[in-house]
Amino acid sequence: MADDPALAVAGLGHNYGDFRALDSIDFTVPHGQFTVLLGSNGAGKTTLFSLLTGLYHSRDGRIAICGHDLQKRPSRALRNIGVVFQQRSLDNDLTVWQNLRYSASLYGMPPRLARARAEEETGRLGMEDRMNDKIRHLSGGQARRVEIARALMHRPKLLILDEPTFGLDVPGRETIVEHVRALCGRGLAALWTTHLLDEVRADDTLLMLKKGRLTMTGAAGALAGAAAPAEMRSKLAAFL
Amino acid sequence: MTTHTARPAKEHDDRLPAAAFFHFTAGIVRREMLRFIQQRERFIAALVRPLVWLFIFAAGFRSVLGVSIIPPYETYVLYEEYITPGLIGMIQLFSGMQTSLSMVYDREMGSMRILLTSPAPRWFLLVSKLLAGAAISVLQVYVFLLVAWFWDVRPPTAGYVTLLPALFLTGLMLGSLGLFLSSVIKQLENFAGIMNFVIFPMFFTSSALYPLWRIKESSVLLYHICHYNPFTHAVEFIRFSLYTGFSAQAFQVVLATTVFFTTLAVIGYDPSRGLLGVRRKGG
């Protein structure tokens, strides 16, 4: 299992009634790789995200997380992923610590270990002094950082983020992107879903989703035909 | 990075360590308790509702309604005493619907996704959620009984103990109904319909307010409706337990109803069916 990629998707498809939302999706996310899933609204990103996180099951294709089939061995597969949702998933009436403790308990972590992990993860994000503040008293960027800390509490090998910078200002977005990139430098794999080209770097692996199909996959710079960000931006923008 | 929960078990083993299950349940119960404690209005509303019935409705009807000696009572009882198990059932009925409301709310707000992406089996998470709801309803019931004691509603002391397991079971039954409803209600706005189509019919077509024999005198059809209403059996199970008795029939119906609605809820939250109302939404 150690040689398996963090995420392997093969022949994945999904229907809503007669509507084919996803079709023949194949890709892998290696360990330590920052991979961007880019697609416009309605491309199928949310459906793909729901399938990857086990919110939906699909009859077509296979999803393996660190070699564990998501449908056959869901517990083992889900233990290896951390998820950051586009929609806020924290409880506004609870404090940062209470939210983190709750999330840790859902991964079977005892309170003492949860406390140590919570201090570590919030410390990395500069949020250690807000542990006893209620979520409703945090700014959007701070809450998003807590969401990331929450997703990392159980030490996943793959972090899946669904438009994590949604609704944030530019400095807030940059902080989040840089933090996740730094985590990838330490071996974490990240699948970053977005529709914002600004968040793509030339050395990122890019998956482009359009109308439920992966239309391009590879290094973003290579896909653009040159390393120049402006050219990449124009080509990708034209494609989208 | 490593996952701390992964034990060096067989690679093909999908089981989780036994201790993890304890932490799953403890975490869910703790969260629900915290939410309940912080929502003081919810607690006050849960308490005031049955107390209004006890103080006003029961006092008014005491002289109108005579309750003959029926099991588990060994002598004539005041109407306040008769109605108390029904009001306990009311507390748990509303608490169960609160479970439903909080599930729909969590789903709309997004916090349910944390629960549903946990590595714990989904059925186990739902049962833990039920346990949390039942624990909260039991807490509310004992506070209500404390207040009722000062209103001269004084069942046998041992009844407060024998009531506890019964309350957990009836709490689970009504919570499972709420959980099932939350799996079919897609929007928070639709929740008002629950009040009209579930809570009130269930409560009024039961033995909560009047003994079934009295209802039978008025309408045989209504009597049959009440008799087949699982809430009637929940109330009777509570009534017998509060007076240190045991109704096997009520127990069986409550247990079967709990299993039935829990199964429906687990099916309703099955990921292969698609849930969370995110169909063809977003990117």
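Q: How many contacts beyond four places in sequence does the model have for residues 276-281 of chain B, and under what value does pLDDT stay there?
A: In this predicted model, pLDDT, which is the predictor's confidence in each residue on a scale from 0 to 100, stays under 50 over residues 276-281 of chain B. For that stretch the model has 12 contacts beyond four places in sequence, a contact being a pair of residues whose C-beta atoms, placed from the backbone, lie within 7 Å. Residues 1-11 of chain B also stay under 50, and for them the model has 24 such contacts. The model is a prediction, in which local features need pLDDT of at least 70 and side-chain atom pairs count only at pLDDT 80 or more, while totals for chains, interfaces and linings use all residues. Residues are numbered from 1 along each chain as its sequence is written, chains are lettered from A and ligands numbered from 1 in the order in which they are written.

Q: What confidence does the predictor give to chain B and to the complex?
A: Chain B averages a pLDDT of 84, and 87% of its residues score at least 70. The complex receives an ipTM of 0.83 and a pTM of 0.82.

Q: Why is chain A called as compact as a globular protein of its length?
A: Its radius of gyration, taken over C-alpha atoms, is set against the globule rule, 2.2 Å times the number of residues to the power 0.38. The value for chain A is 18 Å, close to the 18 Å that the rule gives for 240 residues, so the chain counts as compact in that sense. The secondary structure of this chain comes to eight helices and 10 strands, where helices (H or I, at least four residues) and strands (E, at least two) are DSSP runs numbered from the N terminus.

Q: What makes A:S24 partly exposed rather than buried or exposed?
A: A residue is buried if 20 or more other C-beta atoms, placed from the backbone, lie within 10 Å of its own, exposed if 12 or fewer, and partly exposed in between. A:S24 has 14 such atoms and therefore falls in the middle class. This residue lies in strand 2 of chain A and has a positive phi of about 50 degrees although it is not a glycine.

Q: Why is A:R155 counted as partly exposed?
A: A:R155 has 19 C-beta neighbours inside 10 Å, and so it belongs to the partly exposed class. The residue sits in the loop between helix 5 (140-152) and strand 7 (158-162) of chain A, with a positive phi of about 60 degrees although it is not a glycine.

Q: What makes strand 4 and strand 5 of chain A a pair?
A: Two strands pair if DSSP finds at least two bridges between them; strand 4 (residues 60-65) and strand 5 of chain A have two, in the antiparallel sense, and therefore qualify. A:A64 has A:D69 in strand 5 of chain A as its bridge partner. The open sheet of four strands has the order 2-1-4-5 in chain A, with antiparallel pairing, and its edge strands are strand 2 (19-29) and strand 5 (68-69), each of which pairs on one side only.

Q: How many bridges join strand 9 of chain A to strand 10 of chain A?
A: Six bridges join strand 9 (residues 205-210) to strand 10 (residues 213-219) of chain A, and the two strands run antiparallel. The bridge partner of A:L207 in strand 10 of chain A is A:T217. Two residues lie between the strands of this hairpin, in which A:K211 takes a positive phi near 50 degrees.

Conventions: Two residues are in contact if their C-beta atoms, placed from the backbone, lie within 7 Å.
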